[in-house]
Amino acid sequence: MGEENRVAIIENDNAGILRDTAVSHIGFRVPDVPASEAFYANVLGLVRQEELPDGGVRLGWGTGHHVVDLLPGESRLDHFGFEVRDAGGVAGIRYRLKTAGFQVTDLDPGFVDFAAEPVEAISAVSPDGVPVHFHSAVWRQGETAADTGRRPVKFQHTTIGTDDVQRQVDFFANAVGFRVTDQLSDGRFCWLRSNKDHHTLAIVNVGKSGVLDHYSYDLAEWEDFKSWCDRLTELGVTVQWGPGRHGPGNNLFVFFDDPAGNHIELSAEMEKFYDDQVEYVARKWHPVPESVNLWGGQLPHWRKTSEGHRGVAEAGR
Ligand SMILES: [Fe+2]
């Protein structure tokens with residue numbers, strides 16, 4: 001591959017500070033709240049945990065912290081959040097974001113349900129204009145007891161679409177403390193970790209800022225994918241991409257859409273990273289379809305970033 005296609009994503013000393021932080025929740029504006037709520041109940045087993053002002057609803061699995069907020073409005077990503085279990089983690093993020101010049105506000109602790117201890121919760125606006133929440137530990141009982149043929153184990157990662165990957169890395173790695181695990185060698189897609197999972201957050205250049213590319217739930221094992229694909233079909237939900245296996249993360253995947261057009265991934269077997277035992281170097285994957293889909297390189301219809309440009313990438317190989 002020619003050097004002209006290689007872009008190094010730049011990290012500073014803050015990258016990798018977080019070791020025990022995971023996605024917590026995500027909020028969408030949707031045109032038809034009842035239709036989306038019915039979908040999340042029927043397909044993903046998420047039930048209403050709370051009614052929100054102005055006709056919104058807060059969904060979870062009935063135990064533990066909520067997972068999805070559905071808020072009325074034109075379809076868009078409203079906010080997303082992380083649960084920070086690192087000791088002193090929220091205070092550290094607050095300090096580093098402020099030092100880097102980002103605005104941080106306190107989040108109403110009432111927002112954080114099912115907390116075991118007093119909650120510290122903050123919100124900061126990402127450089128793409130999307131509020132990002134960080135809160136301390138909450139209860140997540142019930143997640144590992146899921147019937148994974150019918151209900152995902154947990155919410156696992158968020159992939160943000162942007163028009164400037166480095167600007168997002170400056171926020172999430174160089175201030176908040178995530179670390180780049182892998183990238184496409186042209187710098188248009190990167191995967192970041194904040195615990196032992198290969199990624200809890202990914203950033204992809206989709207040519208516009210502040211949008212959701214997709215978000216993902218964990219399944220337990222490959223056997224579950226068969227149950228899910230059959231059940232999605234019975235429910236009239238079209239499988240949009242996969243099943244397949246990603247190169248970055250080595251995880252199994254299948255994708256479908258919610259009624260508002262959000263791309264939902266089900267995933268299993270995510271590669272684990274042990275930063276306390278080994279030093280890793282971020283890998284640079286060729287920006288070809290086979291990198292994000294090891295089993296054949298098919299891409300979803302919505303993917304228009306660099307890994308779709310097979311001709312350009314292969315010419316430089
Ligand atoms: Fe994903």
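**Surface**

I started with the accessible surface of this predicted model, which comes to about 13,100 Å². Carbon and sulfur atoms hold 49% of that area. Accessible areas come from the Shrake-Rupley method with a 1.4 Å probe, and for residues only the protein chains shown count as cover.

Two notes on the ground rules. In this predicted model, local features need pLDDT of at least 70 and side-chain atom pairs count only at pLDDT 80 or more, while totals for chains, interfaces and linings use all residues. Residues are numbered from 1 along each chain as its sequence is written, and side-chain values use heavy atoms, with hydrogens and water left out.

**Overall build**

I looked up the secondary structure next. The protein has six helices and 17 strands. Helices (H or I, at least four residues) and strands (E, at least two) are DSSP runs, numbered from the N terminus.

Then I checked the dimensions. The C-alpha atoms fill a box of roughly 55 × 50 × 40 Å along the principal axes.

How many of the 317 residues count as buried? The share is 56%. Buried means under 20% relative accessible area, exposed means over 50%, and partly exposed lies in between (1.4 Å probe, protein chains only).

I also looked at contacts, meaning heavy atoms within 4.5 Å. Of the contacts with a separation of 6 or more, 68% are between residues 24 or more positions apart.

The protein has 30 positive and 47 negative charges, and their mean positions are 2 Å apart. Lys and Arg count as positive, Asp and Glu as negative; His and the chain ends are not counted. Each charge is placed at NZ of Lys, CZ of Arg, CG of Asp or CD of Glu.

**Iron site**

Which residues are the protein donors of the iron ion? I found His157 (NE2), His214 (NE2) and Glu265 (OE), lying 2.1 Å from the ion. Donors are N, O and S atoms within 2.8 Å of the metal (3.2 Å for Na, K and Ca); water is not among the atoms, so sites may look incomplete. Along the chain, the donors follow the spacing H-x56-H-x50-E. Histidine 214 lies in strand S13 (residues 211–218) and glutamate 265 in strand S16 (residues 263–268), so this pair ties together parts that are 51 residues apart in sequence. Histidine 214 and glutamate 265 are buried.

Tyrosine 217 is also in strand S13. Tyrosine 217 is buried, at 0% relative accessible area.

Most residues other than glycine have a negative phi, and most peptide bonds are trans. I noted the exceptions here.

Aspartate 54 is not a glycine, yet has a positive phi of about 65°. Aspartate 54 sits in the loop between strand S2 (47–51) and S3. Is aspartate 54 buried or exposed? Aspartate 54 counts as exposed, at 72% relative accessibility.

Glutamate 269 is not a glycine either, and its phi is positive, about 65°. Glutamate 269 lies in the loop between S16 and strand S17 (283–285). Glutamate 269 is partly exposed, at 41%.

I found a cis peptide bond between glycine 242 and proline 243, with omega about 5°. Proline 243 is in strand S14 (residues 241–245), and glycine 242 is in strand S14. Glycine 242 is partly exposed, with a relative accessible area of 33%. Leaving out residues up to four places away in sequence, glycine 242 touches Phe253 and Val254.

**Two buried residues**

Where is glycine 64? Glycine 64 lies in the loop between strand S3 (57–60) and strand S4 (68–72). Glycine 64 is buried, at 0% relative accessible area.

Phenylalanine 39 is in helix H1 (residues 33–44). Phenylalanine 39 is buried, with a relative accessible area of 10%. Beyond four places in sequence, phenylalanine 39 touches residues including Val237, Phe256, Pro259 and Ile264. Phenylalanine 39 and proline 259 are 220 residues apart in sequence and 7.2 Å apart, C-alpha to C-alpha.
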